[in-house]
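Colleague: I have a chain open and would like to go through it with you. Could you take my questions in turn?

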Amino acid sequence: MKEKKRPRGITLKVAQKHLDEWLEAELEVTTHQSYTLGSQSLTMADLDMIGNRIEYWSGKVAELEVQEESGGRNRVYLAVPRDW
């Protein structure tokens with residue numbers, strides 16, 4: 001199946017990769033007290049920030065999975081009550 005592009009270039013594959021990286025960072029920080037992610041060095045003091053990023057990317061992965069399952073369409077129905 002061909003990967004569909006999402007706004008701002010975020011695909012399910014990209015979001016999952018980011019989530020995996022932040023989960024690895026959390027594990028490393030909790031076991032070794034520090035971790036380097038790109039040019040940023042994270043320490044135990046950064047666990048709240050790491051948790052926030054995990055929460056963000058988990059939500060993004062879930063959102064993109066739903067979009068992929070529904071074919072990328074959101075369904076909105078409008079009902080207008082009429083008094084005849």
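Predicted model: local features only at pLDDT ≥ 70, side-chain atom pairs only at ≥ 80, totals over all residues.

Colleague: Which pattern does the chain follow?

Modeller: Along the sequence the pattern is α-β-β-α, that is, two helices and two strands. Helices (H or I, at least four residues) and strands (E, at least two) are DSSP runs, numbered from the N terminus.

Colleague: How much of the chain counts as buried?

Modeller: Of its 84 residues, 21% count as buried. Buried means under 20% relative accessible area, exposed over 50%, and partly exposed in between, with a 1.4 Å probe and protein chains only. The accessible surface of the chain, from the Shrake-Rupley method with a 1.4 Å probe, is about 6800 Å², and 52% of that surface belongs to carbon and sulfur atoms.

Colleague: And what share of the contacts is between residues 24 or more positions apart?

Modeller: Among contacts with a separation of 6 or more, such residues account for 49%. Contact here means heavy atoms within 4.5 Å.

Colleague: Turning to the strands, how do β1 and β2 run, parallel or antiparallel?

Modeller: They run antiparallel, and four bridges join β1 (residues 34–37) to β2; two strands pair if DSSP finds at least two bridges between them. Ser34 has Thr43 in β2 as its bridge partner. The two strands form a hairpin with two residues between them, and Gly38 in the turn has a positive phi of about 70 degrees.

Colleague: Where does His32 sit?

Modeller: His32 lies in helix α1 and is exposed, with a relative accessible area of 52%. From His32 to Thr43 the C-alpha distance is 8.9 Å, and the two are eleven residues apart in sequence.

Colleague: On to α2: how far apart are its end C-alpha atoms?

Modeller: They are 33 Å apart, which agrees with the span that the 23 residues of α2 (residues 47–69) should have at 1.5 Å a residue. The expected span is 1.5 Å times one less than the number of residues. After α2 comes Gly71, whose phi is positive, near 75 degrees.

Colleague: What do the buried residues of α2 pack against?

Modeller: They pack against α1 (12–32) and β2 (40–43). Among the buried residues of α2 are Ile50, Ile54, Val61 and Leu64.

Colleague: How many aromatic pairs are there?

Modeller: The count is one aromatic pair. The ring centres of Tyr56 and Trp57 are 4.9 Å apart and their planes are at 85 degrees, so the pair is edge-to-face. Rings of Phe, Tyr and Trp (its six-membered ring) pair if their centres lie within 6.5 Å; planes under 30 degrees apart count as stacked, over 60 as edge-to-face and the rest as tilted. Trp57 is buried at 8% relative accessible area, whereas Tyr56 is partly exposed at 34%.

Colleague: Which residue forms a salt bridge with Lys60?

Modeller: Glu63 does, with the closest N and O atoms 3.9 Å apart. A salt bridge is a side-chain nitrogen of Lys or Arg within 4 Å of a carboxyl oxygen of Asp or Glu, and the count is one. Lys60 and Glu63 are three residues apart in α2, separated by about one helical turn. Lys60 counts as buried at 12% relative accessibility, and Glu63 as partly exposed at 39%.

Notes: Residues numbered from 1 in each chain as written. Heavy atoms only, no water.
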